[in-house]
Amino acid sequence: MDNYLDIANSPGMWLACSAIIVVVFFQAVRLTVISLRAGQEIGMTKQQLMSAFRSGFTTALVPSIAILLGLALLIPRLGLPFPWMRLSVIGSVTYELMAAGFAASELGLEGLTGDFDAVAFTTAVWVMSMGAIVGLVVVAFFTPKIKSLKDKVAGGDEGWMKVMTAAAFFGAVGYMVAQPVGKILERPIAKATMMANASPLMALLGGFFCMALLGIIIQVGKQNWLKEWALALAIIGGMAVAGLAFYWFGIGAGV
């Protein structure tokens, strides 16, 4: 096949991928409505609900910039419909880029920079789809059992349930925070390799100091309106520090 992108951008691909995105869109709308109703039932005011909505919206908006950049990288190799569907449904640009790159490398190409053909396109589509299917299958078929297990562990104690939920959340955040530090400290490595791996640590430190500064402004300066923007601004600060570290010191080059 001379130009596989004719298939990748064909009406059939658009139709198949759009159907999935429509389902996810209505799920998001439905969950938003359910959340607003639940908030009203527990006594939250309209102002509190809108504040929570704005905070969630701005927090989700900033990471979407990285997803759009990932989409721009995938389009020349995989067309628009499939990457658009994958990044709309799964939303992990790191996984999608890595999976597509691994698929191309296994075929002897230089990752996403190689010259794709129909075989490389098909392999990338299968690897990206099947590599993340375990989590979706677990959620689809075992969620009721997971809920039963959660109730059994908590024993109906709502206080213990809150502690368990908070511990799981902080454990997940701690794991993500530890990753950039672990890349630097896991073993003695060459300085060039350490510099290449230090980009996530720069983003982590940038986000940390931005959040600390915003916390001081909120507490000392009584600027409570910043609370719902703090996380989004800290993410932007982390991205900016990682970008400046790359531009000025070459940290992250060669990743």
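**Close-up views of a predicted model**

**Figure 1. Contact between the side chain of Q48 and the backbone of T45.** In this predicted model, the side chain of Q48 reaches the backbone nitrogen of T45 at 2.9 Å. Q48 itself is placed in helix 3, which covers residues 46-61. The residue counts as partly exposed because its relative accessibility is 43%, a value that falls between the limits of 20% for buried and 50% for exposed.

**Figure 2. The salt bridge between E96 and R86.** One salt bridge is counted in the model. E96 and R86 form this kind of pair, with their closest N and O atoms 3.1 Å apart. The pair links distant parts of the chain, E96 belonging to helix 6 (residues 93-106) and R86 to helix 5 (residues 81-89), ten residues apart. Both partners, E96 and R86, are buried.

Figure 3. The relative accessibility of R86 is 6%, so the residue counts as buried, the limit being under 20%.

Figure 4. In soluble globular proteins, nonpolar side chains tend to be buried together.

**Figure 5. A nonpolar patch on the surface.** The patch is formed by W126, M130, I133, V134, L136, V137, V138, F141, F142 and I146, which together have about 960 Å² of accessible area. Helix 7 (118-130) and helix 8 (133-154) are the elements that give two or more residues to the patch. The largest share, eight residues, comes from helix 8. F142, one of the patch residues, lies in helix 8 and counts as partly exposed because its relative accessibility is 40%.

**Figure 6. The loop residue K222.** K222 lies in the loop between helix 11 (199-221) and helix 12 (230-249). Although K222 is not a glycine, its phi is positive, at about 55°. The residue has a relative accessible area of 65% and is therefore exposed, the limit being over 50%.

Figure 7. A search of the whole structure finds zero disulfides. A disulfide is a covalent bond between the sulfur atoms of two cysteines. C17 has a relative accessible area of 4% and is therefore buried. C210 has a relative accessible area of 25%, so this cysteine is partly exposed.

Notes
Residues are numbered from 1 along each chain as its sequence is written. This is a predicted model: local features need pLDDT of at least 70, side-chain atom pairs count only at pLDDT 80 or more; totals for chains, interfaces and linings use all residues. Side-chain values use heavy atoms; hydrogens and water are left out. A disulfide is a pair of cysteine sulfur atoms within 2.5 Å. Buried means under 20% relative accessible area, exposed over 50%, partly exposed in between (1.4 Å probe, protein chains only). Helices (H or I, at least four residues) and strands (E, at least two) are DSSP runs, numbered from the N terminus. A polar contact is a pair of N or O atoms within 3.5 Å; within protein, one must be able to donate a hydrogen and the other to accept it, and residues adjacent in sequence count only if both atoms are side-chain atoms. Patches are made of residues with over 30% relative accessible area and no salt bridge: like charges are joined within 9 Å, nonpolar side chains (Val, Leu, Ile, Met, Phe, Trp, Tyr) within 5 Å. Accessible areas come from the Shrake-Rupley method with a 1.4 Å probe; for residues, only the protein chains shown count as cover. A salt bridge is a side-chain nitrogen of Lys or Arg within 4 Å of a carboxyl oxygen of Asp or Glu.
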